[in-house]
Amino acid sequence: MRDMVFRLLELNRFQKRLIMLLADSAMLIFCIFTPIFLEKGFSLPNTFSYISVAAFVVPISLVVFVKLGLYRAIVRYVGDQALIAVMKGCVLSSIAYIAVVFVLQSKVQPILPALYFSMLVISIGGSRFFVRLYVQALSKKTRKKVIIYGAGESGIQLNKALIMGKEYEAVCFLEDRKSLYGTNLAGLEVAPLAELPSIIVRTGATQIFLAMPSITKARMKEILESLQCFPLHVRIIPNLSDLVNGKARIEEVRDVEAEDLLGRDAVDPVPKLMEKCIKNRVVLVTGAGGSIGSELCRQIANYQPSALLMLDNCEYALYRIEREIHDRHNETGSPGGHPALKTKALLGSVCDEKRITKIIKTFKVETIYHAAAFKHVPMVEHNIVDGVKNNTLGTFNIAKIAQQNKVSTFVLVSTDKAVRPTNVMGASKRLAELILQGLSEHGKKTGESTTFCMVRFGNVLESSGSVVPLFRAQIAEGGPVTVTHPEIIRYFMTIPEAAQLVIQAGSLARGGDVFVLDMGEPVKIADLAKKLIRLMGLEVRSEEQPDGDIEIEYTGLRPGEKLFEELLIGDNVLGTEHSRIMRAEEASLPWKQVEMMLKTLIEKLDNFDCVAVRELLLNFEAGYRPNHDICDLVWLEQALQNADKVPGSAKVYNL
């Protein structure tokens, strides 16, 4: 029987509708003749008389059922609307029955229409609900048992969505409100968190869905930490704004992300700071295809720039953000009824002086957000010359051209790795900061109007190179999860918050400012990995837990990595009118000294002299103190080749 039911469910829609039509036809005939036989017996004249009635009533009723959509509804998901349609169909069929009997026989026994209607409701409606209940009963045996945390409107809607689906079956609600304990909602009991262990044993639940889209991030963190010790895969329904905007549906649950574990609620942006350097201005974003650059473009597009120029040297990344911005702010106008946004997708490198000059002059750029950079620490260590050329000379190049063409505001997206750097990437960004400070001082003396500033912050979640996507992929593959060091600590921030704070910091600039962002509490990477593993319903494999699911493997610090990052070089930091933006009072260098360094640096880079470039970084005022030997890939290969020709002329580094 069960196999036959599943075979029927696998039929196509036309075949299913045909079966339903035939079944309803049989039930209509049964409902027409049964009242007659009950009243008058099986006499032949009566039977022939009502064949004519059936010949008219059955086709009319089927047409009515079709018009009411009884054959469009999926029987296994029949709900309240289908019940109403069945009742309407039965009423109209009964009216047709009375009319046909009256026309053919000139009189109607009152008992017959009443019996006909009652039997029709039971057969037509009952058959559909019986199929639904039977199929649901069969599917429950294969569904995954889940607990819904949150018995509010979102939890109830989620339960309805799960009932309509095939994959999950909710077994109970968990709730923090004591007034709901012991009650029954939508057929499910409501219990406190304290009863979770017994619920897991009793129901066999393997997952828990958090249906509280409007709670704060801090509260979300508390709940997630309380669930870590249970063998449950924790998943979360989309946030309230995505549900309201139609970007997500209630049943689209997602896995726990690092953002949920930070417990950090974003501060609403200050509108006047967001629009000061953007509204009615031509804005250029470099590195527009990157993690921060693309989010800057999204945020800027909401504040009515007269034009948004997006520059990147990666064609595909630039295409993606250009299409996204165009689709969201297309020819019909931007959200909120504003005029359509003018966007320009520009391929090019910030190191190409002629290209940058043409762009800034042609479009009369007024604000620049400079996010273009090579930021992956080990990658830059293996490609020293191009890393420094892009991060340091690229910044000098576009900043110099901006100043020459009277660009109003120039904001450098910097990094916490620029503070007492142990790697080339951080040192190159620190030099970029010193260049902007020098240009700012020089511009004030010569009357140049460009306001330069730089914004330092730590790691952003979900960026390219972030550990979080890597951890999730490694967990999905069964591990191991790789962490460089058990004590390594990092600051984290979401990409949207970082982009908003960068824009607002630019509006606070007075010239040569170094802004640092409040990154919240530091996170131990090993703890983050363990929490993600546990909240996926898995156990960390260790010496204490040899039967665990996922092992954490410590690989050692990579070239240039530090155990912890800093945001300040000194101790002098001042607040601003934004609670999460601080102004660091740090020493700068005279422009003449910076200019001399740049001339030497350009010469060494042109000669592809890694050793000389590294020496310059060490001797200049960048605070660079590497914790490893040179590991540029080309330089190492050359050293190996020279070693073959001149024994002892090169050293092979084991890094």
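Which side chain does arginine 456 meet in a salt bridge? The partner is glutamate 586, at 2.6 Å from N to O. A salt bridge here is a side-chain nitrogen of Lys or Arg within 4 Å of a carboxyl oxygen of Asp or Glu. The pair links distant parts of the chain, 130 residues apart. Glutamate 586 sits in the loop between strand 23 and helix 21 (591-606), and arginine 456 in strand 13 (residues 451-456). Arginine 456 is buried, at 0% relative accessibility. Glutamate 586 is buried too, with a relative accessible area of 15%. Buried means under 20% relative accessible area, exposed over 50%, and partly exposed in between (1.4 Å probe, protein chains only).

This is a predicted model: local features need pLDDT of at least 70, side-chain atom pairs count only at pLDDT 80 or more, and totals for chains, interfaces and linings use all residues. Residues are numbered from 1 along each chain as its sequence is written, and side-chain values use heavy atoms, with hydrogens and water left out. Helices (H or I, at least four residues) and strands (E, at least two) are DSSP runs, numbered from the N terminus.

Now turn to strand 6 (residues 233-236). In a regular strand the side chains alternate between the two faces of the sheet. In strand 6, both faces are covered. His233 and Arg235 are buried on one side, and Val234 and Ile236 are buried on the other.

Strand 6 has partners. Strand 5 (residues 207-210) pairs with strand 6 in the parallel sense, over four bridges. Two strands pair if DSSP finds at least two bridges between them. Phenylalanine 209 has arginine 235 as its bridge partner in strand 6. From strand 5 the chain crosses through helix 8 (residues 217-227) to strand 6, and this β-α-β crossover is right-handed. That is, with the strands pointing away from the viewer, the path from the first strand over the helix to the second runs clockwise. Strand 7 (residues 254-255) pairs with strand 6 in the antiparallel sense, over two bridges. There, aspartate 255 is the bridge partner of arginine 235.

Back to the salt bridges. The whole structure holds 21 of them. One of them joins the side chains of lysine 272 and glutamate 577, at 3.6 Å from N to O. Lysine 272 lies in helix 11 (residues 271-275), and glutamate 577 in the loop between strand 22 (573-575) and strand 23 (581-584), so the pair ties together parts that are 305 residues apart in sequence. Lysine 272 is exposed, with a relative accessible area of 54%. Glutamate 577 is exposed, with a relative accessible area of 54%.

Another salt bridge joins lysine 445 and glutamate 441, at 2.9 Å from N to O. Both lie in helix 17 (residues 424-446), four residues apart, so about one helical turn separates them. Lysine 445 is exposed at 64% relative accessibility. Glutamate 441 is partly exposed at 25%. Elsewhere, Glu295, Arg298, Glu324 and Arg328 are linked in a network of salt bridges.

Two further residues complete the tour. Threonine 484 lies in the loop between strand 15 (481-483) and strand 16 (489-490). Threonine 484 is buried, with a relative accessible area of 15%. Leaving aside residues up to four places away in sequence, threonine 484 touches Tyr554, Thr555, Gly556, Leu557, Arg558 and Glu561. Contact means heavy atoms within 4.5 Å. Aspartate 386 is found in helix 16 (residues 384-404). Aspartate 386 is partly exposed, at 43% relative accessibility.
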